[in-house]
Structures are given as C-alpha cells and as structure tokens.
Amino acid sequence: MNESFDVAVVGYGPTGMAAAGLLGRYGHRVVVIERWASLYGLPRFTHLDDETLRTLQAICDIDTAIADSTPSHYRWVNGKDEVLLELIPPPTRLCYPTANSIYQPDIEDALDTRLRELPNVEIRQGWILTDLRQGADGVELVVAPWRAREADESGRTTLRAKYVIGADGSNSLVRRKLGVQQIDRGFREQWVNIDAEWLHERPAEFDIAKQYCDPARGHMYMGIGRRRQRFEFAVLDGEDPAELTEPEHVWQWLARTHGLGQSDLRILRHVSYTFEGRQAVPWRRGRVLLAGDAAHVMPPYLGQGACSGIRDAANLSWKLHAILTGRSDDGLLDTYQRERSPHVGALIGMAIELGEIANMRDAAAAEQRDAAFKAGLVPPPVALPPLKDGILQSPPAGPAVGRVAPQGWLVRNGRRERGDEIIGGDFRLVLAPGVHDTFTPAQNRLRALLDVGVLDLGGAIEDLDGVYGAFLKEQNADAVLIRPDHIVFGVASASGAGELLEQLAEMLGVPTTDGESDAFSVHPLHRTWASEPTPIPPGLDPGSRAAALHRAMPFTRLVENGMDPADARELLRVTADGAEWVSAATEIGARQLERAETAARLGRTVTALEAARAALAAFNFAQMSEDRDTDVKRAAYDRYLEAVRAYGRLRGPGFEEVRIPYANGALVGWLSLPDRRADAAVAVWGGLNGWGANYLAMADALNARGIACLLAEGPGQGAPRLHDGIHLRPDTIGGFSKFVDFLLDDPRVGDRVGVWGNSFGGLFAAHTAARDDRVAACVIVSGPAEKVIVRPVPGVADSVLALFGTDSVDEANAYLDTLHFGEGRMALTQPTLVLHGGHDPLQGPRSQELFLAATRDPRSSTVTWPDGEHVIYNHAAERNALVADFFQEILGQQS
C-alpha cells in the first residue's frame, strides 16, 4: 500500500465521507481512518437540508440516496396539543425540498459506494489513530488495527499526509491529541431515543415532525424517511436512563403516549442521548484541522448538526485543493474557522433557544410561554446566517454575498439536469446575455486558471424555471460568481464582471498581471497537476520499455489529454509493477466506459460525459503505446474510436464525426460546436501518436469563446492511416488543407479559420498556413522546424516510420528533408503564435526561432514556459487559455 497521502481523514461518518469524497473527486490521494470495521447501519441524524443535498450530489448517486426521503414539516405544541410554532420550510431554489426527512444508512451507503470507486481514496476501516506528529511539510499518523475495542499495537504502522482532517466525532481523539479546548454553551439535557420501523402504512398523523413542549415531560416524534419513525422523550431529574431504555418501559411509553404496540412497529434501537452545545477553539493547529462534531456539537432541534459538518467538509475541500495544486499557500486555511465558526455559533445559539422551549419544566413558566406564543409576541425563527468574513467580495456589492446561491434546472441538448452538473467547473459564473464578450484576454485566462464554469444566459443552455435569471434580477446584477461550496463570492454589473475574477484571484494569491511574457515566462500563473511531473519509479530499469513509456506518457500528459487523475496514477503504478501497458490502459478505459453507460441509463448525463471522456482517453493511451501499426494498435485504436462515438452520442448535436473523402479513403475529424453560434473555427492536429479527440480540452477552450473546433486526423494519422492506409508523403501534406475546405463550406462556423498544431502536428499546421492563404491565424506548439533525422535505433524511429508507412530509415529521412521549415523555405503571412517548453526533451529553442523567423505579421509572437514540458503538458490550462484567447482576438477581427 502507498503510505503517503495528500490528506488523511480521521473518521468515516457523514463529515469524513464528504471530505474524502470531495477531495477524492479532485484527484488527490486520500486515506480514511475509521476504527469501526463496517458502517453503523442505523440512523443517528434524520434531517438534511437542500444545501447539504446539493453538496452530496457531486459525490454520490443522490437520487438513490434520497429515494426514501420525504419533505419535512416541524410542528411545536404545548402539553395540551395546542400549536405554538409551525416550522414550514419556504419554497426552495436548490432543486431539493428545503427540509428533508432522510434515512442515514441510505446516504452513507451511497457515499461509501462512490468512494470505493475512486482508486485514489483508500478506506481503512477497523483502524484507529493512536498518535500524530506534525512536521514542517506534513503529518505522521500512527495507526493500529482496532480489535476487541482496543488498539492492536502489534499491527501498528505509520502513515504520512500533507494535511489531516479530524472528523472523528464529539469525543474526537484528534482534538485531544492537539490539546484543543471546547467552549461549553451551557446547555445539557438527556433524552431517550427510540427508532422504529412501521409494520403497516404510516398513519397520517405521523407524517410531520411534532415537538411536545410539555412541562410534565417533553417528547416528540418525526419520520425517518418514509418507512421509519423516531420517538424521543426527556429524562427527568432523578430518573435512570438505563431503566428508561429497557424494552418493557419503551413499549409501555409508546402505548401510553401514542397508542402503538408491537403490531404497529418493530424497534430498531433504543438509547439515551445527552444534548449539548459546544465549540472547539481553535479548529486548526498547523496542518491538522477539525470538522463536524469534532469541532462543534449542537442540540438537535434545528436538524443542523450533520448539515454543519458537511458544510465544513465543503469549505475545507476546495481550499485544500487550491493549496495542494499550488494555487494558494496554506494561509488560505486561516479563513476556514473565520468563515465557519460564526455560522455554526449562530446555529448552536438558535438550537439552544429552541431546546429551552422544548425542555421548560416549570408549569407556570410554560403557561407564560404559551401565552406569549398565542399573542404573537415571540418573533419567528430567523433564516440561516450568511458568511460575513473570508473569501468574499469586499466590499459586498449585494445582499447575496456570503449566502448560498440558487441551483435551478437547466436544459442542454434536450436534457434536463441540475444546474451545477451542467455548468461544471470548480467555481461557477452566471452571466447575463452579452457579458461574457466584455471579458479581457487576461480575465479569460484567469477564468480558465481558476477553473470557472460559465452559465451564459444568452447561450444555448435553457434556464428552465428562470431561477438564474430571476436571481440576477433580484441582485440588480449582470454577473454572480459562486464558490465551490455554493456560497456567493460576489455580484457585479456587466462592466465589473471580469473584476470579480481578478478579486478572487488576488485573494487566492494567483497573479493577475496582463503582461503575457512576464506572466508565462517568469511566474507560471497556476501550478496544476502538471506542476509535479511523475518521475520514473524507483527500481524501474531506465532502459526498459516500461520506463520508455513512463517518459513518453508521464502523469502530466495523461491528465492533460483527459485521463482521470486517479486513473493516471493507477496506470503508472501498475505498469511500474509489471503490468502490460495496453492491457492496463484498456481495463481502465473499459471500467470508465461501463460507468458512463450506467450513468446514461440513469439519466445522469454529466456524469456519463465525464466518464466517457476518461474512457476514450485511457483507450487512446493504450494505442499510443504501440509505435508501429500492429494488430494490437489497430484494436486499441478501434476501442478508442468507439468510445469517442459513445461520447458523441451523449453530447448530442454539438459534437459530430466528420469524414472528408481523400485519396482512396477519408480524412477524419470531430467537429465540436459552441453553445452559441460560432464566430470562427479552428482545426487542431496532434502529432505522431496523439490525434483527434485526444485534444478535447482544447476544443472546450475554443468553444467557450464561441469558436468551433475540428479535432482532425490527417494523412499519416489515426483512422486515415490505420484504416485506409493514407500516410504522410510530400504529395499528401496538402491534404491538411482539406479540413480548411470543410470548415469554410460549413455555414455554422463563420468564415474565418485558424489552425493549431501540437508536437509534430505543429509542422503540419505551419505547412498548411504557409501553403493556404485562407488560414487567418496559426498556432504552433512544440513543433519541429529544424530538419529531423531519423536514426536507425530500435524503438526510436518506429513512430516516424509509421507516419510515412515505410520500413526504410533512408526513405523516411528523404521525406523529412522535404518538410522541414528551415530559414527562407516558407513564409507565414498570418498572425502566428509559437509556444515552447524550456524542459522540452524533443524540441529545442532553435525550432521556435525558425518558426518565428518565418512570420511576416507583426502580431506574431512566441511564449516560453521555462519549466514547460513537451507540448507544455504541465501548464495545460494556461496554454489552452492563451491559445484560445489568441484565436478569439485574431479571428474576431475583420479582414
């Protein structure tokens, strides 16, 4: 087992599950430590609100999780059954009822199922934390098996994590190890809890939750979803809770109070609980943070205990993600308690106030209480408080700042989905029509770097119930920026929309300079997955085929070209341990494709699309491992092709396969259209082995800017080569212009075309731009301008020989001699952008210089990332944003 992790989560209750799921979804390596060997299987909390369900929808099959739930209505009455208070939830705008009676095991089963599908999350149930030690760069956790209710020290082991989340409940061992104290809010009441299952249809009177504020003995009941019921009653002074929880007494109380017996109910459990209000101070010590009941406990009268723990997990997870990816330093974690503690403190206070009403034992005081309620002298309960401090627009430009943003139903390509699932991204930006067009190139780069999903209300996605449009109108705003935990960061008018991104970036520590050269050459804006290239694993023979594949397809490249980060880590790990690359990648792809098909059957289109993309990427890397055109490569390519087609079927009419008759077969491509009418189009080419849908992320960047994208496979590439035997030759290099013909003939994509070539495809793009004056803009990423000479070294020359369809090194070199872009051979008359990585092992700076020397337009430029890999895999988001902005600026200009 891998004993080093990004985050260790101690505790596998709802808070720990949510934290592990959210961090695992980001791709971080997470370990969960939980002393109990299995899930509890019985309900403790029975209520979740709409905000909490919205968070959980990202990390489980939410519809299955809440299949047994019902909307909740809470009535408070006195000892005479006279109504004091009706807590009727207001209409919701989050796609769920505001208050929900749920069955906790259903929620936990759904979360556990999804977590166990994540290979980057390791769940160690039956293990207990015995010690933790913090260092400058991480935390050591000493853990041992939990047997016979004690730690088995003989099995003790040490784990390491960059950060630790203590979500191990109200008696938190993590909190004790940190020496963190608790503030007691002065409330303590003991009640007996009885959970039961109905043996017949539930009587209508039990469909609501009802709190009896009877000074003789408070009691209550509430549903646990549809088929189960909770009953509770107070333990009075001098009574023994152990006697009150005896089965005989429980049945007597149910019969006496509600007229219910063993023909009505099956008792699931009967225990006593102590209700308290406490807060830990502080919630953070160094790299260890407390969450959920480890940080705060509250009486149950608001039903906000579990909700608050899941809010903690949502707040922490996106901040840890920003830190672990290098976007922010860990000073960001100082905002965790600043944001969450006042919110939780207010809820504890509200719950205590209700608890004092429910537990009033003085009969005279209870009569005065009842009279005040009947006279309307008791103010109604206040709404949940907003956040007041932290990562929020300052000063706030509207009342929504710090509050939960709405989530409406959206329709895309005829499919109805919850809004977060369609908008995507980490942060989310809702824009009035036309506002997106006002963003500067620098602001668009920030949008990409911060992973901001955009809902343009002027685009093709339908705001089905008008929720988002109404929200903008209520805020008198044209833009709303929403955090990953669904809190509104800020609102703005059209003129200030881009500034929201700038202020967020400043708060997170992401530079916002407009100077492209400085921003990209001196200080990369965003350390993505690619910022930590995967080294060749220790013990792997540097001269082996496995090592060669690890060098050719590092983690950065796998993720940049669409693999799920967890899949990428798995592929590198198992192949380092001896697994065959094609088989391992194919197995991963098949697993993701099955996940996509399952999600599609259940109507979960966004999940299906994500899984299909991960599947086609895995199949693509399977075929890429075979340099020569073997049967194994063709079979792997065909699996990839079918996965792309499956993805296309899920995408609908905005993504279509293109076949252009050529020679004795056809050139192939995938046309990806933006949600709004395309202003222009760009053809994108890969190189020797990575083709077509390998570059879906580039299509995403172009589509987001209103530009259509044709992911093309030309002569010597993909299906033209493997299916039709169309290879690259001096007389077929002009075949790449066929894609320009196609785009200019399609009335849906405007009348201006650019070309974008990656690796060897950069040479194809340069040739096409130089030969075809209809090309209005050109981008070359890590392309070879210098003369390439193939050496007769086994394995090294295979990809080039396959490109040309020859076994002769001399013949391949003769072809290459006609294609290089040496000084004075060709001119690039259109604006051209040349990108280069300073750590590129395949192309040196000379190629960049030669391409730039061939340009004639003063708008041409070159950008170098000093630490950039080949094709700048390790700065993919920056690269795509920069290139897409370049095309938007050039192709948007009139001739």
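**Getting to know the structure, one term at a time**

Reader: Which residues does G292 touch, and what makes that a contact?

Author: Leaving out residues up to four places away in sequence, G292 touches T15, G309 and D312. These count as contacts because contact means heavy atoms within 4.5 Å. Please keep in mind that this is a predicted model, in which local features need pLDDT of at least 70 and side-chain atom pairs count only at pLDDT 80 or more, while totals for chains, interfaces and linings use all residues. Residues are numbered from 1 along each chain as its sequence is written, and side-chain values use heavy atoms, with hydrogens and water left out.

Reader: Does G292 count as buried or exposed, and why?

Author: Buried means under 20% relative accessible area, exposed over 50%, and partly exposed in between, with a 1.4 Å probe and protein chains only. G292 has 1% relative accessibility, so G292 counts as buried. Across the protein, 60% of the 895 residues are buried as well.

Reader: Where does G292 sit?

Author: G292 belongs to the loop between strand 19 (288–290) and strand 20. Helices (H or I, at least four residues) and strands (E, at least two) are DSSP runs, numbered from the N terminus. The protein has 29 helices and 35 strands by that count. From G292 to S170 there are 122 residues in sequence, and their C-alpha atoms are 8.2 Å apart in space.

Reader: What makes a group of residues a nonpolar core?

Author: Such a core is a set of buried Ala, Val, Leu, Ile, Met, Phe, Trp, Tyr and Cys residues joined through side-chain atoms within 4.5 Å. The largest one here has 134 residues, and L48, L56, W76, I165, Y301 and L481 touch the most other members. Helix 8 (residues 305–324) gives the most to this core, with 11 residues. Another core lies apart from it and has 56 residues, among them L593, L641, A643 and V644. More generally, nonpolar side chains in soluble globular proteins tend to be buried together.

Reader: How do you know that strand 13 and strand 17 pair?

Author: Two strands pair if DSSP finds at least two bridges between them. Strand 13 (residues 181–198) and strand 17 (residues 265–281) have 15 bridges, in the antiparallel sense. Q190 stands opposite T274 in strand 17. These strands belong to an open sheet of eight, in the order 6-5-14-15-16-13-17-20, with mixed pairing.

Reader: Why are strand 6 and strand 20 called edge strands?

Author: Strand 6 (83–87) and strand 20 (296–297) each pair on one side only.

Reader: Which strands does helix 10 lie across, and how is its angle defined?

Author: Helix 10 (residues 363–374) lies across strand 5, strand 6 and strand 14, running at about 55° to strand 6. Axes are lines fitted to C-alpha atoms, for helices over the stretch in contact, and angles run from 0 to 180 degrees between N-to-C directions.

Reader: How does the radius of gyration compare with that of a compact globule?

Author: The radius is taken over C-alpha atoms, and the globule rule is 2.2 Å times the number of residues to the power 0.38. For 895 residues a compact globule would come near 29 Å, and the protein has 31 Å, which agrees. Along the principal axes, the C-alpha atoms fill a box of roughly 100 × 65 × 50 Å.
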